[in-house]
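Colleague: Please walk me through this model, strands and then rings. Keep it brisk.
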Amino acid sequence: TVQATPPPRSLEASLEQAGDNRRELEEALQRVPGRDMEYLITHARQFDLAALTADLLETNLLEARKAYTESPLVYGKVEYEIWRDYVLPYRVLEEDLSNWRPHLRAQLLPVIQDAKTVQEAATLIFKWLHEPLEDGKRRVRFVATETRNQNPFQLLHTRNGGCKEIHITYVCALRAVGIPARHCTVGWWTTSDWYHYFVQYYDSDIRDWRGIDASNTGGKDPIEWNQKHGSWHVMKAYAFPPYPSVKDIDGMQRWDLCTDITEYLCETGDLMVRFDRQGPFTIGLYTWNIGAWRLIGRTQSNDGHPVVTKVGQTMKGRPLLVTVKAKDSEAMAIARIDSVANSHAFQDPSARKNDLLFDYIDNVAEKVGLEAFESVSFEYIFAFTRQLGQIERFNLRPELFMAWVKDAVEVRSNFSYNGG
């Protein structure tokens, strides 16, 4: 059973926040009255309330219903709540508003017409996304872009996109033919301040979610990729909420609004947090990342009882900062991961072949001497090497590099808190 997503505001409050655009929203409610249209309006972000048109909302809702009722792959096999949360929304993340459903549905129905299962349909849509066109180049190529939030029209026009926006279009493509889909992310917090993105779609044949990385031509399940390479060092993985995620006052990701799917990607361990105070409290989970503590999880204890959260078994000894905040008190503590589940790519000799990172690391070891090189954990040396660009690796002397790594590790190891 899927829990109903609580709206951030009432319908009347949403109409008031729309300002001069209230007429458009009221027109949409008159054209297609009922809970589905109310859901779209009450879950819209504030800037959408001022921009949504009655035509876009009406088309989005009617096309979403048609995609479900006219598909033998999903009709009668998907719970209403899953359809409402992962087919009905008019956008995925922060991409520009667009009326993408009719366009994608018209293109994709012939593509999946012979599919006998949801998985077959999802695979055919993935192949369509990457198939070569008349110029010999793929429909969409994995290329880093400036904003990384192109909508489907923009991506299919430029044909270049990063993993985030390719998966925005892939989610829209699946939803256009009635397949529930959600945008997911995993942080590369052990080696950089960065994220990777992938997709989960709901397979009604098995009544569970499947994953796919649609940003390259391999189309691998993220589980398979992570188990083979171990390079993600998963600590937390999330599926974004059905409506665009809302940042908090500091501009940080509201992880408590996301669905924790860490167990989907890797083996996990339990982190239990107990706070000896009465009443509810909020827990923040941070990891040390590029000279600062990076928020990677937030959860709530409404009854004051201990809270257990899942953490991916990543690098052994990796520190976690746990903060607890109640109404009149707060505390923090340092926890450490004491086991390693995934093998790391840098421990595999085959991964060293033709790798510029390891060429630089080998040069550092040769220049500074083995004793000085082994005085710092190899995990940290590898992590800091990943932060260097190619020009920096060319210009930065090995002695300065090792001094930089040692200073950073010393700062981290000397971190302490005596407040409770």
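Colleague: How many bridges join S9 to strand S10?
Modeller: This is a predicted model, where local features need pLDDT of at least 70, side-chain atom pairs count only at pLDDT 80 or more, and totals for chains, interfaces and linings use all residues. Residues are numbered from 1 along each chain as its sequence is written, and side-chain values use heavy atoms, with hydrogens and water left out. Strands (E, at least two residues) and helices (H or I, at least four) are DSSP runs numbered from the N terminus, and two strands pair if DSSP finds at least two bridges between them. S9 and S10 (residues 292-301) run antiparallel, with Asn 289 opposite Ala 292, and the bridges joining them number nine.

Colleague: In S12, which residue is the bridge partner of Thr 282?
Modeller: S9 also pairs with strand S12 (residues 319-325), in the antiparallel sense over six bridges. The S12 partner of Thr 282 is Lys 325.

Colleague: Is strand S9 largely enclosed or largely open?
Modeller: Buried means under 20% relative accessible area, exposed over 50%, partly exposed in between (1.4 Å probe, protein chains only). Seven of the nine residues of S9 (residues 281-289) are buried, so the rest of the structure leaves this strand largely enclosed.

Colleague: How many aromatic pairs does the count come to?
Modeller: Rings of Phe, Tyr and Trp (its six-membered ring) pair if their centres lie within 6.5 Å; planes under 30 degrees apart are stacked, over 60 edge-to-face, the rest tilted. By this rule, the count is nine.

Colleague: Are the rings of Tyr 86 and Trp 209 stacked or edge-to-face?
Modeller: Tyr 86 lies in helix H6 (residues 80-86) and Trp 209 in strand S5 (residues 208-212), so the pair ties together parts 123 residues apart in sequence. Both residues are buried. The ring centres are 5.2 Å apart and the planes at 85°, so the pair is edge-to-face.

Colleague: And Tyr 238 with Trp 255: stacked or edge-to-face?
Modeller: Tyr 238 is buried, with a relative accessible area of 4%. Trp 255 is buried, with a relative accessible area of 4%. The ring centres lie 4.5 Å apart and the planes at 15°, so the pair is stacked.

Colleague: Which residue has its charged end over the ring of Trp 209?
Modeller: A charge sits over a ring if NZ of Lys or CZ of Arg is within 6 Å of the ring centre and within 35 degrees of the ring normal. Over the Trp 209 ring, 3.9 Å from its centre, sits the charged end of Arg 182.
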